[in-house]
Amino acid sequence: MDGTKLAQRIIENSAATAAELRRRTGVTPCLAAVLVGEDPSSVTYVRMKRRRCEAAGVESRLVQLPAGTTTAELVATIRGLSLDPSVHGILLQHPAGPHIDERAAFETIAPEKDVDGVTMRSFAAMGFGLPGFASCTPGGIMRLLDEYGVELTGKHAVVVGRSAILGRPAGMMLLARDATVTYCHRYTPASELSSHLRRADVLIAAVGKPRFITGEDIKPGAVVVDAGYSAGNIGDVDFETVKDRASLITPVPGGVGPMTIATLIEQTVDAAAQQLGVDLKVLSA
Ligand code: NAP
């Protein structure tokens with residue numbers, strides 16, 4: 001499944017919508033990215049997201065805070081962005097640091113600006129299958145599955161990993177689409193992992209362990225989504241042994257990664273349109 005191509009199409013559509021929004025209202029959609037400290041991966045992720053935003057005609061405002069920022073200071077910063085009418089979307093790059101109460105910081109994001117889908121309200125909407133902003137990586141995964149016509153109703157989906165930004169919402173979205181969902185995590189006995197994996201019609205790998213899942217555990221014809229990313233462009237799935245058993249598989253890089261950013265940009269433009277009171281259907285007509 002080619003995430004690069006689909007992401008490009010989504011970003012082109014978002015760029016056209018952003019341009020039309022600007023033409024009608026004089027306002028450019030704006031995403032504020034909040035970065036605490038200088039964790040190299042976070043710095044790279046934020047840089048990449050900002051570049052793509054700017055290429056799509058979305059203003060990207062970087063709010064860089066020192067590593068020693070307290071939860072109270074971070075909350076105050078995010079509260080300011082939530083109240084700022086020139087900011088339409090807010091992204092707090094995870095991890096903000098071990099001393100930070102991330103949940104408190106996330107919950108300060110105004111729900112209408114939660115374009116990264118991290119607040120409890122967005123989570124509840126995802127859980128119930130109601131409209132709202134999706135967590136970007138699982139949202140991107142669902143788009144990719146839909147693009148390739150993957151049937152989910154009644155299928156057995158196995159999600160390996162249950163983080164708040166990835167595994168857990170991915171399973172919630174699959175459940176909302178009537179799949180039977182199994183979660184595997186750190187406490188799933190290693191001796192039982194294979195039997196869970198082998199029953200997967202749709203497998204979502206979201207562990208963060210290089211080549212953790214190999215071909216022998218793949219049900220022939222399964223759809224395999226590799227959301228993992230480790231240094232050196234290595235996913236959670238051993239592509240070489242899995243590709244011949246799977247009917248569809250995402251590569252690393254070029255699968256899930258580009259879809260995450262495309263979803264973020266699309267949701268920022270949608271948020272701006274909603275906040276400006278412009279109907280998206282009118283914009284794309
Ligand atoms: P995370 O917060 O570290 O979560 C990893 C999950 O894997 C946890 O739920 C953990 O279980 C589970 N796990 C660990 N060891 C396991 C084992 N032996 N068997 C089964 N499950 C196990 O990581 P994350 O933020 O979700 O990210 C996961 C991967 O996705 C990383 O490689 C990350 O780089 C990548 N990622 C990619 C994108 C993208 O855009 N492509 C975006 C986000 C993340 P417990 O909950 O029990 O600890």
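A salt bridge is defined here as a side-chain nitrogen of Lys or Arg within 4 Å of a carboxyl oxygen of Asp or Glu. The model is predicted, so local features need pLDDT of at least 70 and side-chain atom pairs count only at pLDDT 80 or more, while totals for chains, interfaces and linings use all residues. Residues are numbered from 1 along each chain as its sequence is written, and side-chain values use heavy atoms, with hydrogens and water left out.

**View 1. Salt bridge between Asp-201 and Lys-219.** The closest N and O atoms of this pair are 2.7 Å apart. Asp-201 is located in the loop between helix H8 (190-197) and strand S6 (202-205), and Lys-219 in the loop between S6 and strand S7 (223-226), so the bridge ties together parts 18 residues apart in sequence. Helices (H or I, at least four residues) and strands (E, at least two) are DSSP runs, numbered from the N terminus. Asp-201 is partly exposed at 22% relative accessibility, as is Lys-219 at 33%. Buried denotes under 20% relative accessible area, exposed over 50%, and partly exposed the range in between (1.4 Å probe, protein chains only).

**View 2. Salt bridge between Arg-61 and Asp-84.** Here the closest N and O atoms are 3.2 Å apart. The pair links distant parts of the chain, 23 residues apart: Arg-61 belongs to strand S2 (residues 59-65), and Asp-84 to the loop between helix H3 (71-83) and strand S3 (89-92). Arg-61 is partly exposed, with a relative accessibility of 25%; Asp-84 is also partly exposed, at 22%.

**View 3. Salt bridge between Arg-211 and Asp-238.** The N to O distance is 4.0 Å. Because Arg-211 lies in the loop between S6 and S7 and Asp-238 in the loop between S7 and helix H9 (239-242), the pair joins parts that are 27 residues apart in sequence. Arg-211 is partly exposed, with a relative accessible area of 48%, whereas Asp-238 counts as buried at 15%.

**View 4. Network of salt bridges linking Glu-20, Arg-23 and Arg-24.** A search of the whole structure finds 13 salt bridges.
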